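I opened this entry to keep track of what I looked up. The coordinates go in first, then my notes.

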Amino acid sequence: MLAPAESLLTLPVPQPQPPTSRPFPLLEPQRPFRLSWPSPASTLAASHAWRRLSPNAVPLVQLVVLLVVDDLPQDTSKELLLFVADHLAGKHVPEPTTLAEFAAGIRHVRLAAEADADTADTQLEPWLVERVSQVASSPTLMDEFFDEAESLLGPDADLQHADAHQLRRLSAFGLFVRKCVVQYRSLEFGGTMAFYARLLAYCTGDRLSDNAYESTSLINAARFIDKQVELLEQSSGMPAPRELQEQLQQIAEALPGQAKIHYLAYLNCLRSGEHEGALVALSRFVDTGGIKVDMADGGNRQIPLHYAALNLATLYTRLGYPQMALVAVNQAIPYARQAHAEECLSFLLSWLQRLNTDWGREHASSVYGTMPTEKQALDTLTDRTRRLGQHALNAVSYLRKAEWGLVHGKSPVYVFHALQVAQTVIEQYGLDGMAATAEIVRAGVWEVYGNPRMTRAAVHHVLHGGAEETSADDLSLAYAKSAWLEAQEGRYDEALRILDTAKAAVPVIGAFQASQHWVRTRWIVLFERALNTGDLDGAERALNGLRGHCAKHGREMLLSAEARLAQKSGRPDEAYRLLCEVCEPSTGSTTSLEHITNLLRMADLFLDSGREGAITALPVILKCAAAADKYHMDLVRVLALVRLSHILLHLQHVRQAHGLLDELMPTVLSRGSAADRGYAYSVQAQTMLAMGSLDQDKDSEGGDGKQDWHGSAIVCLQHAVDCYRAVQAADKVRGSLALLAMACHAAGRTDGRNGAVQQLRLLK
């Protein structure tokens with residue numbers, strides 16, 4: 001009794017056996033029916049279809065697909081198996097030159113299904129001719145045909161674990177299908193066009209000529225461009241930028257009238273970060289196409305000029321020309337209204353709100369007349385997208401609303417309400433690709449509000465949430481934030497390991513713009529480690545690397561790092577000059593709150609000068625605390641008050657400094673970084689030592705108060721040393737150890753003093 005056809009197709013190729021008269025010998029009744037090949041290497045190599053991809057491979061693969069997918073009668077299955085096996089064994093010499101000649105070999109085979117009387121008289125020959133001709137009707141269907149064949153390939157596991165309607169990869173037919181698919185996928189652009197022309201001539205029975213090749217050039221060029229555009233927009237499976245650019249140049253020389261070539265060049269320049277080249281390519285796309293683009297079928301199609309202008313606005317913004325971007329947006333609005341492109345109008349409104357932020361509403365109004373406020377634009381955008389059912393844009397508008405409320409000091413209730421609405425829209429309408437974006441925005445909100453644990457939770461949700469549609473920008477930002485959280489605790493090696501993972505997930509070549517997030521963070525981590533360890537040369541090298549990625553964005557971060565390096569190198573005047581540039585909000589833009597944290601660094605610069613510097617630092621720290629309170633930056637406000645207690649200590653207001661620190665320490669210990677905790681412990685130890693001196697001056701009873709104050713100060717200093725060691729801040733460790741030695745000496749703890757001095761000598 002013969003086994004079902006699908007079992008035959010999933011059997012592995014056995015070891016070479018002596019040649020037999022037929023490829024399928026009759027076996028004992030109780031043994032399963034198996035293929036018996038003389039040698040896979042010699043037999044299959046004898047087939048012309050295995051040496052190169054020929055049109056005969058298409059009907060052969062179609063017959064294999066039929067055997068795998070359909071439950072054919074045993075007689076029909078056996079005849080088809082013998083027919084295909086003879087072709088693969090090279091017994092049909094010469095090969096058929098047309099589809100009709102090929103199909104004549106199965107003219108006697110019928111597609112007879114035992115349970116279906118209606119198909120009892122259906123012949124296989126016309127069915128095969130119709131299916132193969134359909135495959136040859138368009139390059140897209142030819143692509144789908146090989147995709148379907150590849151999808152039938154099952155795993156290499158045992159048969160009992162394989163699907164009944166899958167083709168075993170190591171079987172003879174599985175090897176044949178795999179070879180055909182691999183050869184087709186490896187064809188270059190010209191090879192694909194040539195194969196399609198040959199297949200078309202094979203089906204029609206015509207002789208292949210140069211005209212057949214030329215008739216398909218335009219179709220295949222459009223197909224190639226469309227496929228590459230799709231890959232670029234999905235950021236997956238893309239060739240290298242230089243390789244793709246060379247292919248585009250070849251197509252442009254052969255087919256100069258194709259406007260979409262310039263659009264593909266625009267996308268290619270975008271992913272490699274060549275914004276100027278992208279701007280030129282996009283302009284050529286609009287100029288080349290004019291109003292209409294000629295299609296391969298002889299028709300034409302209207303160019304979406306409103307979307308082209310929208311892309312121009314994006315490029316101008318990235319190049320730092322918001323005024324030109326606003327011109328492009330204003331030009332796009334009439335085209336979008338004329339075309340009734342409601343979705344594009346929503347995009348334009350979103351960009352109008354952003355450009356008002358980047359350029360400044362007052363400046364824009366002076367050029368273009370009355371402009372809506374940012375809140376008006378956002379409210380209109382949210383209402384419009386909700387009314388038109390544009391769910392993705394609606395979610396984006398609420399996320400933009402949350403960011404706007406954050407940087408304008410709105411209540412956290414307002415910000416989190418916008419975030420919650422965006423999250424609801426994303427979950428309700430299945431916008432899986434935007435879930436990570438919402439979490440990144442949430443992480444940024446918690447980062448500003450000073451809650452690193454909630455920031456870490458949001459980032460963890462992006463990196464380990466299992467979402468398959470996370471964008472490269474979101475993934476790069478998540479890795480960058482995660483690495484920075486580790487670096488703040490002194491785990492620099494772990495931070496660099498995370499960034500190495502980001503390098504593999506979001507490579508520079510292929511995702512240049514998105515990769516800038518983790519690239520900048522990598523240089524910052526290297527700078528932080530070098531600065532703390534006292535490696536000034538290493539810090540300068542890291543700073544030079546950072547400069548190359550902060551030309552358009554991150555200027556405040558770069559100047560702040562330069563100021564810290566100047567302070568560490570003993571150049572306080574230069575550090576002060578640099579900090580003055582970043583301690584005020586940027587004109588025309590309110591999208592950054594970095595100037596508030598830079599006020600803390602300016603106060604630290606003044607506090608290094610002792611009592612005189614403390615007096616100068618007082619107005620700076622009060623300004624920082626007020627700004628942090630306005631924008632609900634709780635951790636920054638607490639850190640500003642810690643420095644205020646340090647200033648009070650310098651000004652001999654010891655009890656006020658001690659009382660203030662007692663209120664602030666729980667927040668610092670639960671939310672601050674290792675360096676923040678070390679600084680707070682150090683200031684608290686100094687206040688305790690000062691309190692001990694006050695008690696000594698008042699001649700406290702029994703002197704127990706003095707001992708208690710010094711003992712508490714010693715504990716705080718030990719914690720400060722541990723925190724500073726965690727971040728490898730060598731100078732801070734030395735200062736804390738010196739203070740610890742003095743505290744132990746004042747408390748009469750000789751062993752503690754000697755231990756601190758010994759550690760201090762080892763550091764020096």
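**Whole chain**

I am working with a predicted model. Next I checked burial: of the 764 residues of the chain, 48% count as buried. The chain exposes about 36,800 Å². Carbon and sulfur atoms supply 52% of that area. Last, I looked at contact range. I took contacts between residues at least 6 apart in sequence, and 62% of them join residues at least 24 apart.

**H31 and H33**

I picked helix H31, residues 594–607, and helix H33, residues 634–650. How are H31 and H33 oriented to each other? Their axes lie 10 Å apart, at an angle of about 20°. The cut-off for roughly parallel is under 35 degrees, and H31 and H33 are therefore roughly parallel. I noted the crossing of the two as left-handed.

I listed the contact residues next. H31 brings Ile596, Thr597, Leu600, Asp604 and Leu607. H33 brings Val636, Leu639, Ala640, Arg643, His646, Ile647 and His650. Sorted by class, the contact of H31 with H33 holds seven nonpolar, three polar and two charged residues.

**H28 and H29**

I recorded a left-handed crossing where H28 passes H29.

Which residues of H28 and H29 meet? From H28 I have Leu536, Ala539, Glu540, Leu543, Leu546 and Arg547. They meet Met557, Leu558, Ala561, Glu562, Leu565 and Lys568 in H29. The class count for the contact of H28 with H29 is eight nonpolar and four charged residues, with no polar ones.

**Gln423**

I finished with one side chain. Gln423 sits in helix H22, which spans residues 412–428. Is Gln423 buried or exposed? I found a relative accessible area of 11%. Buried means under 20%, so Gln423 is buried.

What is Gln423 in contact with, leaving aside its neighbours within four places in sequence? I found Ala438, Glu439 and Arg442.

How values were computed. Residues are numbered from 1 along each chain as its sequence is written. This is a predicted model: local features need pLDDT of at least 70, side-chain atom pairs count only at pLDDT 80 or more; totals for chains, interfaces and linings use all residues. Side-chain values use heavy atoms; hydrogens and water are left out. Helices (H or I, at least four residues) and strands (E, at least two) are DSSP runs, numbered from the N terminus. Buried means under 20% relative accessible area, exposed over 50%, partly exposed in between (1.4 Å probe, protein chains only). Contact means heavy atoms within 4.5 Å. Axes are lines fitted to C-alpha atoms, for helices over the stretch in contact, and angles run from 0 to 180 degrees between N-to-C directions. Angles under 35 degrees count as roughly parallel, over 145 as roughly antiparallel, 65 to 115 as roughly perpendicular and the rest as oblique. A crossing is left-handed if the near helix is turned anticlockwise from the far one by less than a right angle, and right-handed if clockwise. Ala, Val, Leu, Ile, Met, Phe, Trp, Tyr, Cys and Pro count as nonpolar, Asp, Glu, Lys and Arg as charged, and the others, Gly among them, as polar. Accessible areas come from the Shrake-Rupley method with a 1.4 Å probe; for residues, only the protein chains shown count as cover.
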